[in-house]
Amino acid sequence: MRLDLGDLGFDEGAHLLVKRASRQLSLGEEMHVTGNAPELFTHLRVWCRSEGSAFRLESGRGGDASAAIIRSAAESDRWAGAESCGGARGSEPAAVVEQPPRTWGLAARGATVEVGAPEYGFTLVDKTEVWSAQAPRFYAQGAAAQWDPQTAIPWDAPCDVPDDVEDAIVQIMTYLIENETAALMVPSRFIAQLHPHFREVMQVLALQAADEARHIEIFTRRALLKRDKLGLSTSGGQASLKTLIEEPDYAVASFLLSVLGEGTFLNLLRFIEMHASDPITAAVARFAAQDEARHVAFGLAHIGEHLERNPAARSRLAAGVRRRSDALRHTAGLNAEVFDALIILAAGSWEHAAIRRGFQRVMQLTRDMDEGRQKRLARLGFDQREAMELSGLHTRNFM
Amino acid sequence: MRERGAFVLGAVAYDPKVVAIWDGFQSYFERNGLAFDYVLFTNYERQVEAHFAGQIDIAWNSPLAWLQAERIAAALGRRVEAVCMRDTDRDLTSAILVRSDGELQKVADLKGKRVAVGAHDSPQATLIPLDFIADGGLIPGRDFEVRYFDLLVGKHGDHIGGEREAARALLRGDVDAACMIDSNVLLFAQEATLPSGSTRVLAHTPAYDHCNFTVLDGAPAGSVQRFRELLLAMSYSDPDVRPLLDMEGLKRWMPGRTAGYGALSAALDRFGTVDEFVLFASARTCA
Ligand SMILES: [Fe+2]
Ligand SMILES: [Fe+2]
């Protein structure tokens with residue numbers, strides 16, 4: 001084979017042409033390289049030596065120098081044992097493998113990975129535990145549904161709220177921020193433990209964390225609209241969130257957070273939207289609820305598939321709820337200030353009749369929350385008795 | 001505690017990566033049943049003396065250190081052997097570079113000029129090229145001025161910094177020619193230390209060889225044999241050893257050969273570079 005490099009030198013990328021041409025050579029076959037770039041053969045000789053290729057200067061006919069080179073096996077040796085790490089398209093059934101080796105590391109799924117890469121410390125490497133076939137769809141939905149807090153919420157809308165109702169709203173926002181923080185931290189923690197082979201799950205969790213970041217922002221802005229100070233944070237509420245943050249099992253954490261916690265929050269946010277006396281409070285609740293609905297749906301899809309592949313996990317999930325309930329037995333659960341603030345929000349004033357109405361609405365809210373949890377548990381295949389029991393054991397802090 | 005019977009290699013720490021390299025080789029050898037340890041030296045002279053003092057079994061020697069060992073051995077009536085070398089240690093050349101726009105066309109034109117070289121003890125950037133110019137009839141220091149670039153004497157030019165400084169001096173016009181190993185001609189072109197077309201090669205030296213693993217007579221024959229076998233068995237297709245080969249800059253190990261040290265040996269004869277060291281080291285070893 002012949003290769004003429006013309007006036008292209010090794011200080012201008014000539015090695016690319018030599019590499020490409022030498023890939024066409026069979027082992028042991030010579031390639032004759034010509035060219036007239038300054039110092040071409042000095043450079044080519046050094047390049048061949050470092051590549052492990054044989055090099056011999058030839059005096060060509062007519063005075064033109066050329067070099068004969070023989071390709072080294074080094075490049076094919078390097079890639080000899082390389083393996084393809086799954087398929088790039090998550091929608092294809094075989095793309096995601098059951099237990100991706102930790103040595104695939106951060107390689108893009110579908111790439112060819114050199115053998116000998118370092119082993120990463122990912123702990124979530126079981127498809128049965130983490131994968132959802134619907135993750136690609138949820139990611140696409142989530143990416144399309146990102147909204148801008150600045151323009152989505154009518155921050156300049158009229159907001160004539162009586163002072164003591166405003167106090168209640170600030171208390172509710174304070175509580176929501178605290179809970180959204182937990183909802184941001186739980187997926188973030190698991191992203192760092194997840195094998196990136198499960199790319200779409202990682203992406204869904206990343207969007208989920210971004211959603212919670214926006215929720216934190218809008219609830220904070222609403223709280224500070226007319227006040228300089230936020231409300232109260234109770235140790236009971238924090239004790240409840242701590243058990244959620246510290247749940248080490250990904251499926252159990254996802255079950256507690258998304259199916260039970262965010263599911264309950266859906267009712268709460270719709271309640272706030274419905275009873276808010278100003279359009280800004282209604283809007284922040286509505287936009288958060290829209291994201292939460294997606295988080296709940298993904299949680300249901302993930303846990304549903306997890307149980308389908310591993311029915312024995314059902315008792316582990318139930319045990320997770322019971323364990324958390326035991327841990328929280330001696331705490332107050334829901335912040336009484338929040339409970340009262342919800343009554344005032346739903347009442348809209350301190351008139352007796354209004355308070356009575358507000359109280360009844362909050363009672364109805366807790367019944368709706370319970371019913372919603374039971375329905376979701378039933379969708380996951382829990383029988384009625386267990387669904388009732390587990391819903392009843394869910395934290396009084398809602399999340 | 002390490003077993004006392006380990007096969008001990010000496011190497012010169014010309015760069016911090018040397019530790020990672022020999023730690024890697026140590027675990028490769030131990031995995032394959034050769035008890036192995038290594039000692040690092042700050043300069044080759046100390047390593048050569050330690051070798052004759054029996055403190056190490058095998059030395060990863062620069063070509064200059066190899067010749068020092070060979071000459072001390074000759075003075076003492078002992079024998080040296082080159083066990084193995086890298087594929088990249090064979091058939092190197094050095095180049096004498098000049099500015100493209102200059103009028104220098106052949107080695108004889110260097111008369112009266114300023115020639116940049118590397119460290120005093122660098123085979124590739126100083127000794128071999130100066131001897132090559134001297135073969136052409138010009139005596140360094142008498143017929144042309146020699147400018148040394150590198151203060152790291154004792155490292156035998158393993159450190160690249162001096163040659164890069166020499167190249168820069170050439171571009172600035174501080175010198176009329178610069179000597180360097182051919183691999184740096186390519187490296188400096190690719191990193192644009194030498195912009196395309198700014199310099200040209202006035203002449204190449206004949207090909208020569210570089211480092212080797214050196215043993216003296218009396219080295220534990222079984223261990224030397226096992227060491228050689230294990231090196232020659234290292235395959236670039238083995239992902240466990242490939243990172244070591246990449247770090248040490250080779251694709252495969254070759255058996256040692258000594259035919260490629262003639263040019264350097266002639267330079268040492270001409271300049272007397274190592275005479276004093278050889279004399280005193282031989283005397284100290286006898287004492
Ligand atoms: Fe949220
Ligand atoms: Fe959420």
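B:Asp91 sits in the loop between strand E4 (80-86) and strand E5 (94-99) of chain B, where helices (H or I, at least four residues) and strands (E, at least two) are DSSP runs numbered from the N terminus. Phi of B:Asp91 is near 60 degrees, a positive value in a residue other than glycine. B:Asp91 is partly exposed, at a relative accessible area of 38%; buried means under 20% relative accessible area, exposed over 50%, and partly exposed in between (1.4 Å probe, protein chains only).

This is a predicted model, in which local features need pLDDT of at least 70 and side-chain atom pairs count only at pLDDT 80 or more, whereas totals for chains, interfaces and linings use all residues. Residues are numbered from 1 along each chain as its sequence is written, chains are lettered from A and ligands numbered from 1 in the order in which they are written, and side-chain values use heavy atoms, with hydrogens and water left out.

**Loop and strand positions in chain A**

- A:Glu39 also has a positive phi, of about 60 degrees, although it is not a glycine.
- The loop between E2 and H2 of chain A holds A:Glu39.
- A:His32 belongs to strand E2 (residues 30-34) of chain A and is buried, with a relative accessible area of 17%.
- Leaving aside neighbours within four places in sequence, A:His32 is in contact (heavy atoms within 4.5 Å) with A:Met1, A:Arg2, A:Leu3, A:Glu58, A:Ala67 and A:Ala68.

**The iron sites**

- The iron ion (ligand 1) is coordinated by A:Glu180 (OE), A:Glu212 (OE), A:His215 (ND1) and A:Glu292 (OE), at 1.8 to 2.2 Å.
- Donors are N, O and S atoms within 2.8 Å of the metal (3.2 Å for Na, K and Ca); water is not among the atoms, so sites may look incomplete.
- Along the chain, the donors of the iron ion (ligand 1) follow the spacing E-x31-E-x2-H-x76-E.
- The angles among the 4 donor atoms of the iron ion (ligand 1) run from 81 to 147 degrees, and the site is irregular.
- Four donors count as tetrahedral if all angles lie between 85 and 135 degrees; four count as square planar and six as octahedral if opposite donors are over 155 degrees apart and all others between 65 and 115; anything else is irregular.
- A:Glu212 bridges the iron ion (ligand 1) and the iron ion (ligand 2), which lie 3.5 Å apart.
- A:Glu212 lies in helix H8 (residues 199-223) of chain A and A:Glu292 in helix H11 (residues 279-309) of chain A, so the pair ties together parts that are 80 residues apart in sequence.
- A:Glu212 is buried, with a relative accessible area of 0%, and A:Glu292 is buried at 0% as well.

**B:Val115 and the cysteines**

- B:Val115 is part of strand E6 (residues 114-117) of chain B and is buried at 0% relative accessibility.
- Not counting residues up to four places away in sequence, B:Val115 touches B:Leu110, B:Ile133, B:Phe144, B:Glu145, B:Val146, B:Arg147, B:Ala177 and B:Cys179.
- B:Val115 and B:Asp174 are 59 residues apart in sequence and 9.5 Å apart in space, C-alpha to C-alpha.
- A search of the whole structure finds 0 disulfides over all chains, a disulfide being a pair of cysteine sulfur atoms within 2.5 Å.
- B:Cys179 is in no disulfide, and the nearest cysteine sulfur, that of B:Cys211, is 19 Å away.
- B:Cys179 is buried, with a relative accessible area of 0%; A:Cys48 is likewise buried, at 0%.

**The largest pocket**

- The largest pocket has a volume of about 1,300 Å³.
- The lining of the largest pocket comprises 46 residues, of which B:Arg86, B:Thr88, B:Ser183, B:Glu248 and B:Gly249 lie nearest its centre.
- At least two residues of the lining are supplied by each of helix H1 (14-23), helix H2 (40-51) and helix H3 (74-79) of chain A, and strand E1 (7-12), helix H1 (17-31), helix H6 (182-190) and helix H8 (242-248) of chain B.
- On a 1 Å grid over the protein atoms alone, a pocket is an open set of points where a 1.4 Å probe fits, with protein on both sides within 12 Å along at least five of seven lines; lining residues have an atom within 4 Å of a point.
- Grid points are joined across faces, edges and corners, and a volume is the space filled by probe spheres set on the points.
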